[in-house]
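Open the model in your viewer and keep the sequence panel beside it. The stops below each begin with something to select.

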Amino acid sequence: MELLELLGQRWVLRILWEMRNGEPLTFRELQSQCEAVSPTILNTRLKELRENGFVSLRDGGGFELTKFGNDLISSLIPLNEIANRMKKHLDRS
């Protein structure tokens, strides 16, 4: 249940999703991609994601998903596909 509590926090899934391409992102790049997130919230979420082993901070700068984080994203891709199908279905209604 701890995982669901973490993933249920505002901005957590969006931050992870923005990092899915595997390239390290700086704090500013993440903030830009997440548009409306405040710096305080982004900092807090990144700290929580690092503490839980999903994200790491590279020595040269930038945040990236760990293997654990990539495994999580891989498990979320089917959920994204279902969400896309659901959206198409609702758009036709």
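**Before selecting anything**

This is a predicted model, in which local features need pLDDT of at least 70 and side-chain atom pairs count only at pLDDT 80 or more, while totals for chains, interfaces and linings use all residues. Residues are numbered from 1 along each chain as its sequence is written, and side-chain values use heavy atoms, with hydrogens and water left out.

**Whole chain**

Show the chain as a cartoon. It has five helices and two strands; helices (H or I, at least four residues) and strands (E, at least two) are DSSP runs, numbered from the N terminus. Along the sequence the order is α-α-α-α-β-β-α. Of the 93 residues in the chain, 29% are buried, where buried means under 20% relative accessible area, exposed over 50% and partly exposed in between (1.4 Å probe, protein chains only). Among contacts (heavy atoms within 4.5 Å) between residues at least 6 apart in sequence, 48% join residues at least 24 apart.

Next, color residues 6-86. An unreviewed UniProt entry annotates this span as "domain: HTH hxlR-type"; UniProt positions are given in the numbering used here, feature names are shortened, and annotations may be inferred rather than shown by experiment. The span is 60% helix and 7% strand, and its end C-alpha atoms lie 25 Å apart.

**The largest nonpolar core**

Select Ile15, Leu16, Met19, Leu30, Leu49 and Val55. These residues touch the most other members of the largest nonpolar core, which has 21 residues. Helix H1 (2-7), helix H2 (12-18), helix H4 (39-51), E2 and H5 each give two or more residues to this core. A nonpolar core is a set of buried Ala, Val, Leu, Ile, Met, Phe, Trp, Tyr and Cys residues joined through side-chain atoms within 4.5 Å. In soluble globular proteins, nonpolar side chains tend to be buried together.

Center on leucine 49. Leaving out residues up to four places away in sequence, leucine 49 touches Leu6, Val12, Ile15, Leu16, Phe54 and Val55.

**Leucine 46 and phenylalanine 63**

Move to leucine 46, in helix H4. Leucine 46 counts as buried because its relative accessible area is 1%. Beyond four places in sequence, its contacts are Ile15, Phe27, Leu30, Val55 and Phe63.

Is phenylalanine 63 buried or exposed? Its relative accessibility is 11%, so it counts as buried. With residues up to four places away again left out, phenylalanine 63 touches Met19, Glu23, Pro24, Leu25, Thr26, Phe27, Leu30, Leu46, Arg50, Val55, Ser56 and Leu57. For a distance check, go from phenylalanine 63 to threonine 40: the two are 23 residues apart in sequence and 16 Å apart, C-alpha to C-alpha.

**Threonine 66**

Select threonine 66, in the loop between strand E2 (63-65) and helix H5 (67-92). Threonine 66 is buried, because its relative accessibility is 19%. Its contacts, apart from residues up to four places away in sequence, are Gly53, Phe54, Val55 and Ser56.

**Two residues with positive phi**

Most residues other than glycine have a negative phi. Select tryptophan 11, in the loop between H1 and H2. Phi of tryptophan 11 is near 80°, a positive value in a residue other than glycine. Tryptophan 11 counts as buried, because its relative accessibility is 19%.

Then select glutamate 35, in the loop between helix H3 (27-33) and H4. Glutamate 35 is not a glycine, yet has a positive phi of about 45°. Its relative accessible area is 67%, so glutamate 35 is exposed. The C-alpha atom of glutamate 35 is 18 Å from that of glycine 62, which is 27 residues away along the chain.

**The largest pocket**

Last, select Leu13, Arg14, Trp17, Leu76, Leu79, Asn80 and Ala83, which line the largest pocket. H2 and H5 are the elements that give two or more residues to this lining, and H5 supplies the largest share, four residues. What kinds of residues make up the lining? Five are nonpolar, one is polar and one is charged; Ala, Val, Leu, Ile, Met, Phe, Trp, Tyr, Cys and Pro count as nonpolar, Asp, Glu, Lys and Arg as charged, and the others, Gly among them, as polar.

The volume of the largest pocket is about 180 Å³, taken as the space filled by probe spheres set on grid points that are joined across faces, edges and corners. On a 1 Å grid over the protein atoms alone, a pocket is an open set of points where a 1.4 Å probe fits, with protein on both sides within 12 Å along at least five of seven lines, and lining residues have an atom within 4 Å of a point.
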